[in-house]
Amino acid sequence: MSELSKGFVIVASRNINFYTYAINLIQSIKDYYPEALITLVTEERFFDGRETEDTDQIIICGGHYREKLWGMANTPYDITMYVDADMECEHEDIMTIWDEMKDYDMVFHELTKEREQFYAIREFKYNGGYEKYKLCGGVCLYRSGSPLVKEFMDDWYELYCKQYDNRWMPDGFDKEQWAKDLRHFDQTTLWWLVNKVDKYKDLKIGIFEDDIRWNYFTQYGYEGLKSKTGAPPILRHYSGCLQKDTPIV
Amino acid sequence: MKQETIMSRTWLDNAFWETPRKELLNAISEEVDGNKTKRQVHKIEKLNADGTPNELFIEAIEFLGEEKINASSQKRLSKKQDEADIEKQKKMEHERAKKLEQLFEYKLETFEIPEIKESKNRLLKSKLRRSKSVPEVNLYAILLVQESLEDVGTK
């Protein structure tokens with residue numbers, strides 16, 4: 001049996017700043033993990049010569065708001081670690097990422113009560129009660145070679161596009177909240193697929209061991225949130241502080 | 001918490017000194033009138049305005065005992081100190097996190113300088129990325145630009 005291919009997927013679309021963030025992220029992963037295989041999913045118009053320096057594959061994508069989902073679905077690897085472009089690697093434990101796969105199909109960072117103040121929304125109205133987003137899509141390790149996982153990723157992208165374009169809104173959601181907070185959010189689609197779609201109910205979904213290290217939002221530092229073991233972050237997430245629409249230079 | 005007493009007015013044992021010289025006492029009295037209990041917070045001076053001893057102060061001290069007030073004051077002081085330490089720590093963490101965010105943006109800008117953007121010197125670029133301060137970033141940026149200029153000079 002041939003060994004499974006394992007690599008990182010990073011997506012930069014729509015906004016040139018994401019390309020700059022992605023290049024930095026790719027180089028930072030290589031700083032700590034020189035053998036890492038990395039695929040950059042991006043738009044051709046952003047190319048400046050750096051796109052091929054540390055990547056083993058380039059996949060050209062469109063300019064959709066959440067092209068990341070398409071990128072995740074189109075990974076060339078059997079096991080994929082997707083990382084949001086506006087992150088940076090800062091620890092050699094990045095090399096241990098594949099051990100986190102265990103026997104799961106997908107592994108995420110968890111949205112917990114302690115962390116909820118840093119998220120746009122965690123709890124939402126559903127069927128007269130309240131539900132919570134529990135999984136954060138900022139990083140995701142997944143068994144992309146599995147047909148069911150591949151189908152899940154395809155569905156995540158396709159359903160999200162429908163949701164974003166107002167072509168899909170399932171019953172049970174609060175219309176006002178949907179329009180204001182949920183429709184544009186890929187977490188909503190993720191929640192739906194994980195919790196409401198029968199064919200995915202047997203997927204084994206896990207949380208990274210000491211998961212804060214794999215997606216350490218800089219805002220966690222405001223409150224001094226630490227990893228369970230006290231070990232430093234592996235991937236730091238700068239999403240809340242960057243001026244994404246302002247040119248970097 | 002409440003002391004047993006034959007007096008009609010009792011004092012809660014969480015009284016504490018407001019000043020190190022023990023001339024101002026913060027204490028809560030309690031009076032029972034039928035089914036009703038009235039609690040009142042006092043800040044009691046040791047002396048009246050004319051310099052005579054304050055009867056209420058004497059009553060509270062006699063009821064509670066100075067040792068108990070001292071212990072309660074010390075406990076309260078320690079708690080306040082712990083809270084202040086935690087708050088200070090939190091503020092420092094917050095400032096550190098903010099500084100890190102600013103440093104990240106500064107590094108991204110630095111990496112966009114053409115000579116650095118085009119440099120193939122992985123080692124220096126890695127050191128720049130791992131820099132912990134603006135001066136450290138600048139130092140590696142200078143080295144990278146210098147290297148680029150030297151390359152131009154030798155070509």
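Select Glu112(B) and Arg50(A) to begin: their side chains meet in a salt bridge at 3.1 Å, N to O, a salt bridge being a side-chain nitrogen of Lys or Arg within 4 Å of a carboxyl oxygen of Asp or Glu. This is a predicted model, in which local features need pLDDT of at least 70 and side-chain atom pairs count only at pLDDT 80 or more, while totals for chains, interfaces and linings use all residues. Residues are numbered from 1 along each chain as its sequence is written, chains are lettered from A and ligands numbered from 1 in the order in which they are written, and side-chain values use heavy atoms, with hydrogens and water left out.

**The interface between the chains**

Now show both chains. Between chain B and chain A the count is eight salt bridges, alongside 15 residue pairs in polar contact, both residues of each pair being at pLDDT 80 or more. A polar contact is a pair of N or O atoms within 3.5 Å; within protein, one must be able to donate a hydrogen and the other to accept it, and residues adjacent in sequence count only if both atoms are side-chain atoms. On chain B, select helix 2 (66-111) and helix 4 (122-130), the elements that give two or more residues to the side touching chain A; helices (H or I, at least four residues) and strands (E, at least two) are DSSP runs, numbered from the N terminus. Helix 2 of chain B gives the largest share of that side, 12 residues. By kind, the residues on this side of chain B divide into five nonpolar, two polar and 13 charged, where Ala, Val, Leu, Ile, Met, Phe, Trp, Tyr, Cys and Pro count as nonpolar, Asp, Glu, Lys and Arg as charged, and the others, Gly among them, as polar.

In all, 20 residues of chain B are in contact (heavy atoms within 4.5 Å) with 27 residues of chain A. The area buried between the two chains, meaning the accessible area (1.4 Å probe) that two parts lose on being put together, summed over both, is about 2,300 Å², of which carbon and sulfur atoms give 52%. Highlight Glu101(B), Phe104(B) and Arg129(B), which supply 28% of the area that chain B buries against chain A, more than any other three residues.

**Along helix 2 of chain B**

Glu101(B) is buried at 4% relative accessibility, whereas Lys98(B) is partly exposed at 35%; buried means under 20% relative accessible area, exposed over 50%, and partly exposed in between (1.4 Å probe, protein chains only). Next select Asp31(A), Asp54(A), Arg122(B) and Arg129(B), which salt bridges with shared partners join into one network.

**Inside chain B**

Go to His42(B), which lies in strand 4 (residues 36-45) of chain B and is buried, with a relative accessible area of 10%. A polar contact of 2.7 Å joins its side chain to that of Ser29(B). Not counting residues up to four places away in sequence, His42(B) touches Trp11(B), Leu25(B), Asn26(B), Ala27(B), Ser29(B) and Leu56(B).

**Inside chain A**

Select Asp84(A) and Lys68(A), whose salt bridge brings the closest N and O atoms to 3.5 Å apart. Asp84(A) lies in the loop between strand 4 (79-83) and strand 5 (87-89) of chain A and Lys68(A) in helix 2 (residues 67-73) of chain A, so the pair ties together parts that are 16 residues apart in sequence. Asp84(A) is buried at 15% relative accessible area, and Lys68(A) counts as buried at 10%.

Finish with Phe152(A), Met153(A) and Trp156(A), which touch the most other members among the 48 residues of the largest nonpolar core. Such a core is a set of buried Ala, Val, Leu, Ile, Met, Phe, Trp, Tyr and Cys residues joined through side-chain atoms within 4.5 Å. Helix 3 (residues 147-164) of chain A gives this core its largest share, eight residues. Around Trp156(A), leaving aside neighbours within four places in sequence, the contacts include Leu69(A), Met72(A), Phe108(A) and Leu193(A). A second, separate core of 39 residues includes Ile26(A), Met81(A), Ile94(A) and Ile234(A).
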